[in-house]
Amino acid sequence: MSVGSALVIGGGIAGIQAALDLADRGIKVYLVEKSPSIGGRMAQLDKTFPTMDCSICILAPKMNECARHPNIELLTWSEVLSVEGEAGNFTVRILKKPRYVREDLCTGCGICTEKCPKKVPSEFEMGLGMRKAIYMPFPQAVPRVSVIDEENCLYFQKGVCRVCEKFCPAGAIDFEQKPQEIELKVGAIIVATGLVQADPSIESEYGYGRYKNVIASLELERLLSASGPTGGELKRPSDGKHPKRIGFIQCVASRSLKENGYPYCSSVCCMYATKEAMIIMEHDPEAEIYIFYIDLRAFGKGFQEFVNRAKERGVHYIRAKPSKVIEDPETKDLIIRYEDINDKKVKEVRLDLVVLCAALVPTPENKKLAEILGIEVDEYGFFKPLHPLYAPVDSTRPGIFICGYCQGPKDIPESVAQASGAAARAAEIIAKKVVAG
Ligand SMILES: Cc1cc2nc3c(=O)[nH]c(=O)nc-3n(C[C@H](O)[C@H](O)[C@H](O)COP(=O)(O)OP(=O)(O)OC[C@H]3O[C@@H](n4cnc5c(N)ncnc54)[C@H](O)[C@@H]3O)c2cc1C
């Protein structure tokens, strides 16, 4: 039996943890996720610093626990339309978008995807791999229910095909599905909408989008992942060759005072670049890796030791903000030009692949969501805490709490800790309401 109810918005690790904590206390949780599956960024990562755990291996059990928990109702492919009321007594309207696949019938067998003739770049693979118009976003997706992407489906666009319907053994395809509005009564709300990576081409001198072998760090995570588009074999995009000399450029558009940059530190890039460097060296001990950094931020427990290990294994840390990346038009190799801050000399290094660690920013839709929720965001779109020191997970409206990256830059352990904090605060409000009746 459940004792009161709560809404969690965002199904990344922070939202998942908050939902599980509340549900384990006997509170009914509605977990709203805008994409077809829960999991968030952590599902895209290969391994996680500083423990080097396989990311999806430690995340998937939590995702499945959410799906199986008797107190959690997953509302994926859904968004919040409106919120009215007050702490202890909110009325929320949710829009559930049509999947065109019946959740009660789909077994996740994947035959529909196999037969679908239309291929498009996969968002989960950061455009480096393809998916079909009917698809499961990734193999461990929760719920295990396919979704039809209307904009690319031949039936929706041209009125022909319906191959998925013909082959689905469960009879789960339903082209007549309509958007559904759901009204919920909840005592408290937790917001955990996470992050996106800023466009690395903001710093156009590094050639992202112009030079094939200049990639973003989230793209590298997919290239390193065994379930990624290359099966975990690092191949450079221009010719599929295995890159031997790889450079990371830190603080791309972050810690930047330029008009289109972000002045704050994204907090996780020094550490994930170190992690990605170590993974590359696990794949190929002879790889030569250069990390170009302004200041090295290894402030967490075990972080400095992690960096020390990378240095011992031969990762080169170069204190410089490169001025330019130049492509060799014949080989598509890249030349990084930089001033080494230590000896004040301008130098060049020739590389096979360059990885840009671009600013991590709150999801752009946060501003609209803040209006719907009646809470405040700061100038970058992070949700404002009621007090940065004493009420870090309380939003500016009673009964609504914030956690994870949408509250401010942070890594997974901090997101999890904040999520548990937000769940405890939400449970207090719900308990008061239940006692008061
Ligand atoms: C390249 C890279 C490597 C990293 N490596 C590590 C690492 O090794 N170790 C580590 O500790 N950290 C790492 N991080 C940081 C880590 O990804 C974040 O700390 C973590 O993902 C934050 O979790 P979250 O739940 O707050 O956000 P997210 O993981 O971003 O999840 C947010 C979820 O909310 C959903 N959502 C967004 N808006 C809405 C809305 N309006 N309605 C409904 N749902 C919505 C999103 O679809 C998403 O599923 C890395 C980050 C990057 C970019």
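**Close-up views of a predicted model**

**Figure 1. The largest nonpolar core and its most connected members.** Ala6, Ile189 and Ile190 touch the most other members of the largest nonpolar core, which holds 135 residues. H10 makes the greatest contribution to this core, giving nine residues. The model shown here and in the other views is predicted.

**Figure 2. The surroundings of Ala6.** Beyond its neighbours within four places in sequence, Ala6 is in contact with a run of residues comprising Val186, Gly187, Ala188, Ile189 and Ile190. Ala6 is also in contact with Leu22, Ile27 and Val29, as well as with Ala426 and Ile430. Two of these partners, Ile189 and Ile190, join Ala6 as the residues that touch the most other members of the largest nonpolar core.

**Figure 3. The shell around the ligand.** The ligand is surrounded by 41 residues, of which the closest are Gly10, Gly12, Gly40, Gly194 and Gly404. Two or more residues of this shell come from each of the helices H1 (13-24), H6 (217-224), H7 (269-283) and H10 (412-436), and from each of the strands S2 (28-33) and S14 (195-197). By residue class, the shell comprises 18 nonpolar, 14 polar and nine charged residues.

**Figure 4. The ligand between two domains.** Both domain 1 (5-97 + 179-194 + 363-436) and domain 3 (198-360) supply residues to the shell around the ligand, and the ligand therefore lies between these two domains.

**Figure 5. The contact between domain 2 and domain 3.** The protein is divided into domain 1 (5-97 + 179-194 + 363-436), domain 2 (111-167) and domain 3 (198-360). The centres of domain 2 and domain 3, taken over C-alpha atoms, are separated by 33 Å. Where these domains meet, five residues of domain 2 are in contact with seven residues of domain 3. The side of domain 2 that touches domain 3 consists of three nonpolar residues, one polar residue and one charged residue.

**Figure 6. The whole protein, for orientation.** The protein contains ten helices and 24 strands. Its radius of gyration is 23 Å, close to the 22 Å given by the globule rule for 437 residues, so the protein is as compact as a globular protein of that length. Along the principal axes, the C-alpha atoms fill a box of roughly 70 × 60 × 35 Å. Of the 437 residues, 46% count as buried. Among contacts with a separation of 6 or more, 67% are between residues 24 or more positions apart.

Conventions: Residues are numbered from 1 along each chain as its sequence is written. This is a predicted model: local features need pLDDT of at least 70, side-chain atom pairs count only at pLDDT 80 or more; totals for chains, interfaces and linings use all residues. A residue is near a molecule or strand if its C-beta atom, placed from the backbone, lies within 6 Å of it. Helices (H or I, at least four residues) and strands (E, at least two) are DSSP runs, numbered from the N terminus. Ala, Val, Leu, Ile, Met, Phe, Trp, Tyr, Cys and Pro count as nonpolar, Asp, Glu, Lys and Arg as charged, and the others, Gly among them, as polar. Domain bounds come from an automatic or database domain assignment. A nonpolar core is a set of buried Ala, Val, Leu, Ile, Met, Phe, Trp, Tyr and Cys residues joined through C-beta atoms within 7 Å. A residue is buried if 20 or more other C-beta atoms lie within 10 Å of its own, exposed if 12 or fewer, and partly exposed in between; C-beta atoms are placed from the backbone. Two residues are in contact if their C-beta atoms, placed from the backbone, lie within 7 Å. The radius of gyration is taken over C-alpha atoms; the globule rule is 2.2 Å times the number of residues to the power 0.38.
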